[in-house]
Amino acid sequence: MIECSNIYKSYGAIPVLKGISLAVVQLETFTIIGPNGAGKTTLFKVLTGEAPANAGVVTFNGENITRLSASARVHRGFGRTFQVARILRCNSVLENLIIALEARARRSELDRLLQLRPTKQIRDDAVGIAGRISLLNKMDVPARFLSHGDRKRLELGVTLALKPKILMMDEPTAGMSPGDRNATIDMIARVKEEDQLTIMLTEHDMDVVAHLSDRIMVMNYGEAIAVGTLNEIRNNAAVRDIYLGEEIGDA
Ligand SMILES: Nc1ncnc2c1ncn2[C@@H]1O[C@H](COP(=O)(O)OP(=O)(O)OP(=O)(O)O)[C@@H](O)[C@H]1O
């Protein structure tokens with residue numbers, strides 16, 4: 001599905017990714033964990049096309065996409081959510097979803113989209129997505145008035161509207177209350193099943209990691225030090241050293 005090999009990336013003189021390779025298979029949930037500054041978000045940016053690598057190759061369904069822009073990768077089927085939700089703060093839940101659906105239908109410029117009247121089909125689809133992300137009762141609320149958890153759910157809805165094949169989620173539960181976090185775990189599992197998605201996550205919360213991941217890659221100082229199932233990672237001596245005896249994924 002998505003593969004990368006020998007990815008190197010520096011910011012100025014500082015190397016941040018030092019020869020990362022990975023291969024995520026279709027319908028897998030693949031999670032990247034590691035201490036702050038390990039390079040997880042930077043690797044995500046290289047995979048989604050937001051930041052160019054200095055060396056290495058990224059392929060998606062066999063196509064070399066290393067030099068494709070982020071928007072070209074969205075057209076190939078990349079969906080992306082961010083540590084801080086990226087949504088249109090002045091627009092309502094319904095408008096955010098309609099704009100995303102229109103963008104997929106027409107692939108045109110945002111300014112023009114804002115003047116469009118949605119078709120009944122698009123409106124129905126938006127309502128359908130709002131139901132899936134549990135925001136039906138907040139359809140007319142401007143996004144800036146939503147709670148943190150609701151904003152993250154809306155961002156997921158906007159991403160789903162683009163009908164991705166792979167969902168790239170950077171710390172999907174960051175800053176959430178335990179209740180919101182559990183609801184988000186369930187929601188991610190459900191949309192994965194319903195839309196037959198492949199998912200890549202970065203995450204610090206080990207409950208989330210344990211509940212969602214098929215395989216986990218552990219990064220430290222820009223290197224991948226282990227890849228495997230939760231049990232394999234738990235029993236890996238190098239991983240245990242990094243986490244200083246913390247119980248990994250003891251959910
Ligand atoms: N735009 C940038 N310019 C310079 N240095 C950067 C930039 N982005 C990240 N870095 C540095 O690169 C390193 C890796 O950062 P990155 O955000 O990829 O780590 P991370 O594993 O995602 O961390 P966290 O868990 O805190 O989100 C850090 O030392 C960070 O300070």
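Modeller: A helix axis here is a line fitted to C-alpha atoms over the stretch in contact, and angles run from 0 to 180 degrees between N-to-C directions. Helices (H or I, at least four residues) and strands (E, at least two) are DSSP runs, numbered from the N terminus. This is a predicted model, in which local features need pLDDT of at least 70 and side-chain atom pairs count only at pLDDT 80 or more, while totals for chains, interfaces and linings use all residues. Residues are numbered from 1 along each chain as its sequence is written.

Colleague: At what angle do helix 6 and helix 7 cross?

Modeller: The axes of helix 6 (residues 148-161) and helix 7 (residues 178-195) cross at roughly 10° and come within 11 Å. The two helices are therefore roughly parallel to each other (angles under 35 degrees count as roughly parallel, over 145 as roughly antiparallel, 65 to 115 as roughly perpendicular and the rest as oblique).

Colleague: Which residues meet there?

Modeller: From helix 6, G149, K152, R153 and L160 meet D180, T184, M187, V191 and D195 of helix 7; contact requires C-beta atoms, placed from the backbone, within 7 Å. By class, this contact has 3 nonpolar, 2 polar and 4 charged residues. Ala, Val, Leu, Ile, Met, Phe, Trp, Tyr, Cys and Pro count as nonpolar, Asp, Glu, Lys and Arg as charged, and the others, Gly among them, as polar.

Colleague: Turning to the ligand, what surrounds it?

Modeller: Y11, V16, G34, N36, G37, A38, G39, K40, T41 and T42 surround the ligand, each with its C-beta atom, placed from the backbone, within 6 Å of it. The shell divides into 3 nonpolar, 6 polar and 1 charged. Helix 1 (residues 40-48) gives the most to this shell, with 3 residues.

Colleague: Is helix 1 largely enclosed or open?

Modeller: Helix 1 is largely enclosed by the rest of the structure, because 8 of its 9 residues are buried. A residue is buried if 20 or more other C-beta atoms lie within 10 Å of its own, exposed if 12 or fewer, and partly exposed in between, with C-beta atoms placed from the backbone. Among the buried residues are K40 and T42, which also belong to the ligand shell.

Colleague: Where does K163 lie?

Modeller: K163 is in the loop between helix 6 and strand 7 (166-170), and has a positive phi of about 50° although it is not a glycine. Most residues other than glycine have a negative phi. K163 counts as partly exposed, because it has 13 C-beta neighbours inside 10 Å.

Definitions and conventions
Two residues are in contact if their C-beta atoms, placed from the backbone, lie within 7 Å.
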